[in-house]
Amino acid sequence: MTTTQTGARWPRAMFTRLSLIFLGGLLLAHGLTYVLIMRERGAATTDMMLGYLEKDVASSVALLDRLPAAERAAWLPRLERRTYQFELGQGLSGGAPDTVLSRRIAAAFVDAIGQHYSVTASKVPGSRDRVQAHVTLHDGTALTIDMIPAPLAIPAWLPLVLITQLILIAAAVWMGVRLVTQPLEKLAAAADTLGPDLKAVQLPETGSSEVVRAARAFNAMQTRIAQYMAERVQILAAISHDLQTPITRMRVRADLLDDPALRDKLNKDLTEMQSLVKEGVTYARTLQGVNEPPVRIDPDALLSSMVYDYQDAGQPVTLAGSIGTKIVTRPQALKRVVGNLIDNALKYGGDATVAVARDGADVIVSVCDNGPGIPADQLEAVFQPFFRLEGSRNRETGGTGLGLAIARQLSQAMNAVLTLQNRPEGGVEARLRFPGDTQSHPSG
């Protein structure tokens, strides 16, 4: 059996797994205890029944033997008990007892009356433990003792007690497993909220010693990460600030060159350097987080405005579909992401189509182009910082390799998912999916 098949049969949630293990173990132990107690009680009841049998049968047979033959029939109902009765006659013919209980009953009959009377015991056909003892009284009268063992009596309150015990066991298991898994759920939730903004809520350092240690370690970890990212942004910002002055001086000196071709090449290189520095700082800031608060917006109006701006600038950008509902997100981050995707589509495909639609409760914003596409094995790699796909994209288009990386980080800050896929008719579709809860809850 493969691991996938085993995982499909076994629940994935730790709460369910631990509950099944503990509940199954306790129920098994409870069931075994019940079976052992009932077996012991049954054995004790059988021993008591056989003990009474030897005493009562012996005295009853002796009484019937001393009574006149005409009076014996009237005494038979008086001597009858819950598990056996007396009959005048030969009774039923049968074989030798073949079960443990039937052999014990037969032996009890022989021990009780075999010393004074002629007695044989046989099993009644069609019954498991029913035994008849055939006795011959001193005057030759045939007497049959029919023994039918009664099943173990179960009190009416016992099922209620068992159900109550099962409920208590299930409640104890639920409480115990909940105490164990709840801190893990809180830790997982805190880890999920530790997104690009690095503003996850501090875990409460309460509970058992292990939980306190884990919460304290997690809180310290996210604090260190936030400090490292802040230092990283400060370093990049300082580098960017310090590079502005030499780049400006180099641009001034380049403008003083007499050779126009050399001057243009130097200015182009300086522009790329300046753009690379700015994009690097922007990417670092998106890693640190977005300070923009989530608000409720009309995405149809925002996207229409963006597309009209591109069209006014003479760019072949079109809008298809509508969402028809408001969502809660960060509008500036959304504009930055969609703008980056449209710029990429124009740069590599020549045109761009912005398509919006609903997929169940989710909202989808897609930007499609008609470019050369991306190799399937590199659709995820293009989101890496400074990654440039020169094999399928035009080298002359330039770029820093940070546009998609920034778009991915901003998407995560909006609680959205950004993916790329090749279109069957050619080109690439960049799909931005907002989960359904963005319609009513702030994202992030």
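Q: What relative accessibility does Arg433 have, and what does this residue count as?
A: This is a predicted model, where local features need pLDDT of at least 70, side-chain atom pairs count only at pLDDT 80 or more, and totals for chains, interfaces and linings use all residues. Residues are numbered from 1 along each chain as its sequence is written, and side-chain values use heavy atoms, leaving out hydrogens and water. Arg433 has 25% relative accessibility and counts as partly exposed. That label lies between buried (under 20% relative accessible area) and exposed (over 50%), with a 1.4 Å probe and protein chains only.

Q: Which residue forms a salt bridge with Arg433?
A: A salt bridge puts a side-chain nitrogen of Lys or Arg within 4 Å of a carboxyl oxygen of Asp or Glu. Here the partner is Asp362, with the closest N and O atoms 3.0 Å apart. Asp362 sits in strand β9 (residues 362–368) and Arg433 in strand β11 (residues 428–434), so the pair ties together parts 71 residues apart in sequence. Shared partners also join Asp359, Asp362 and Arg433 into one salt-bridge network.

Q: How many salt bridges does a search of the whole structure find?
A: Twelve. Among them, Arg81 and Asp56 meet through their side chains at 3.9 Å, N to O. Arg81 lies in the loop between α3 (72–79) and β1 (84–88), while Asp56 is in helix α2, so this pair links parts 25 residues apart in sequence. Arg81 is partly exposed at 35%, and Asp56 is partly exposed at 23%. Another bridge joins Arg128 to Asp129, with N and O 3.8 Å apart. In that pair Arg128 counts as exposed at 61%, whereas Asp129 counts as buried at 17%.

Q: How many helices and strands does the protein chain have?
A: Ten helices and eleven strands. They are DSSP runs numbered from the N terminus: helices are H or I with at least four residues, strands are E with at least two. Of the 444 residues in the chain, 35% count as buried.

Q: Which residues make a nonpolar surface patch of about 380 Å²?
A: A patch is built from residues with over 30% relative accessible area and no salt bridge, joining like charges within 9 Å and nonpolar side chains (Val, Leu, Ile, Met, Phe, Trp, Tyr) within 5 Å. This one is made by Trp10, Leu20, Ile21 and Phe22. Ile21 belongs to helix α2 (residues 14–66) and is partly exposed at 47%. Phe22 is also placed in α2, and its relative accessibility of 40% makes it partly exposed.

Q: Leaving aside neighbours within four places in sequence, what is Phe22 in contact with?
A: Contact means heavy atoms within 4.5 Å. By that rule, Phe22 touches Val173 and Val177. The C-alpha atoms of Phe22 and Ile169 are 9.4 Å apart, although 147 residues separate them along the chain.

Q: Where is Arg408 found, and is Arg408 buried or exposed?
A: Arg408 is in helix α10 (residues 403–413). Its relative accessible area is 16%, so it is buried. Beyond its neighbours within four places in sequence, Arg408 is in contact with Glu380, Phe383 and Leu418.

Technical notes: Accessible areas come from the Shrake-Rupley method with a 1.4 Å probe; for residues, only the protein chains shown count as cover.
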